[in-house]
Amino acid sequence: MEPIHGIPPDLIRGPVLGPGDFLAMAGEANWGMDVFGVASLRSLNPDPITVGIIDTGVDDTHSVLAANFKGAKDFTGSSRGYRDVNGHGTHCSGTVCGTDPQIGVAAGFPFVHGKGLGDGGSGGNSLIDAMWYCIEQGAEVLSNSWGGGGRSATWEAEFQKMNDRGVWLIFAGGNSGPNTGDTDWPGRSEKLINVAALNRDLSPASFSSAGDKIDTSGPGVGIWSARPGGGFQQMSGTSMATPFVAGLLALYRACLKKAGLPIPKGPELRSLLFNRSTDTHTPGDDRRTGPGWVTPLLLTLTLTPDPPPIRG
Amino acid sequence: MRTAILSLLLAAGVAAADPPPLTFPATTVKAQKGEFVVLRAETPGKWVRYKSLTPGLSVFPSSELKNPKNTVVTAPADGTYRMLAWTGNAEEGGDPVEITIVVGGGKADPDPEDPDPKDPPPVPTKSLYFLVVRPDGPASPAFTRAMGLPEWANLRAAGHFVKDRTATEAAGLGVVVPASALPAVVTLREAADGKTSSVVRPAVPLPMTGAGVLDLPKDLPKDLPKGVN
């Protein structure tokens, strides 16, 4: 039986706003932009790279997604094709790269969307097919706000192939709270980047799953992003923290390319995130936030050339 | 009253349609490989943007400089590098000014004589590496706050490098700082051959204030041999 994967069941949905209401909350759309300091990477003006979102489909006519939409494909057999009737996929897509810099972290980066979660929010091998679709369309960073089900050796092999291609795979850790034995699979796979969710004060979100292998944390509570049909809605979950981290890493990867620096692969990327996070919650690598929150300022400092070796 | 308002709007319209002038002390600048060259724009425009036309020329983001109308450029190899600068008051800019950076033996296109020889291109500061070394693993919140001080941008604008390295990473570069002294700043200078560097000041505590950051390039002792850190 193929694994069943879906949106974590306790995803919290908040209020909804129409397009005209949105301007009133300028600066509040995604508090992570300011709290994390995304501007330090944006100011380096990297050339955009393509990003991929694997989710419930996308509203490619939305005001913050239409201009940089590059393509999408449905792998679930939905009667609506790749279009999003759930809302989760459009929200996550907006956070990764919506053209409004209050909404999208890698604002305006071109994106492709693989609909691997059905309209009800679950999927199976369709998710792997959707990931490969995005990679074949040129995506270099994949945002995966899904998890659950048991470990699959077949899927692990697929993730390894994707790692070998140099693609960065970002996953949600799950929304089962602090008393769980571990975070969701596949996020806890050693081949992937597993993301926990934070409150605005950088404390762990109450719903964010605990586990031994959390690679970094992102803003996951009260996040505004795009809503199918227009307007915006607020959601909370590790599903929201994941596209934030994916967008941030897309910005960083684009900066590495601009600087002519090598692109780290799977384990190297995990090590880099470990050392370029800022500690929060329990000191050190803890079970709620991992090493802490991924810090754009520290990522920018890796772009400075090393001095030549000390004279012997 | 209505007439006055209409006049103001018209004036704004004329200003938007007539971008401000943009000049530089020189439009051809000579530099050495790896040298940091400060380009100082002279314009009443609200902003100045820069674009490299030649691959290999790095253009520092102006928004991080104290005067965001200026920029700093550098190139890792000899050659002639072209770039454009333009200014404006609104979103739309005026005609670009072309600037040529001649690095090392690169051949520059003939350029008119500098009309004001008393105002030559600025001479950049010799680069230092401020290697910030901290314990392995995630950074502490206090460390990240210290590295977020805006005064670090002043050092970069002067042509220096600021590099964050964990203790293990720094050891790989030949810089060893006792754990009890972390976080610390070790100051290095590249040797003339460009292949090695030397410690010009051993580890000092990481400054936690802007004034402390600005003091880092001051009163540097002479080169110290390896291991004196």
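Biologist: Is A:Cys92 buried or exposed?

Modeller: A residue under 20% relative accessible area is classed as buried. In this predicted model, A:Cys92 has a relative accessible area of 0%, so the residue is buried.

Biologist: And A:Cys134, is that residue buried or exposed?

Modeller: A:Cys134 counts as buried, because its relative accessibility is 0%.

Biologist: How many disulfides are there over all chains?

Modeller: Two cysteine sulfur atoms must lie within 2.5 Å to be taken as a disulfide. By this rule, zero disulfides are found over all chains. A:Cys92, for instance, takes part in none, and the nearest cysteine sulfur, which belongs to A:Cys97, is 11 Å away. A:Cys134 is likewise in no disulfide; for this residue the nearest cysteine sulfur is that of A:Cys97, 11 Å away.

Biologist: Let us turn to chain B. In what order do the four strands of the open sheet run?

Modeller: In general, strands of a sheet pair through backbone hydrogen bonds, in either a parallel or an antiparallel manner. In chain B, the order is β9-β8-β10-β11, and the pairing is mixed.

Biologist: Which are the edge strands of chain B?

Modeller: They are β9 (161-166) and β11 (197-205), each of which pairs on one side only. On average, neighbouring strands of this sheet are turned by 25 degrees against each other, direction ignored.

Biologist: In what sense do β8 and β10 of chain B pair?

Modeller: Strand β8 (residues 129-134) and strand β10 (residues 184-190) of chain B are antiparallel, with five bridges between them.

Biologist: Which residue in β10(B) is the bridge partner of B:Leu131?

Modeller: The partner of B:Leu131 is B:Val186.

Terms used. Residues are numbered from 1 along each chain as its sequence is written. Chains are lettered from A and ligands numbered from 1 in the order in which they are written. This is a predicted model: local features need pLDDT of at least 70, side-chain atom pairs count only at pLDDT 80 or more; totals for chains, interfaces and linings use all residues. Side-chain values use heavy atoms; hydrogens and water are left out. Buried means under 20% relative accessible area, exposed over 50%, partly exposed in between (1.4 Å probe, protein chains only). Two strands pair if DSSP finds at least two bridges between them. Helices (H or I, at least four residues) and strands (E, at least two) are DSSP runs, numbered from the N terminus. Axes are lines fitted to C-alpha atoms, for helices over the stretch in contact, and angles run from 0 to 180 degrees between N-to-C directions.
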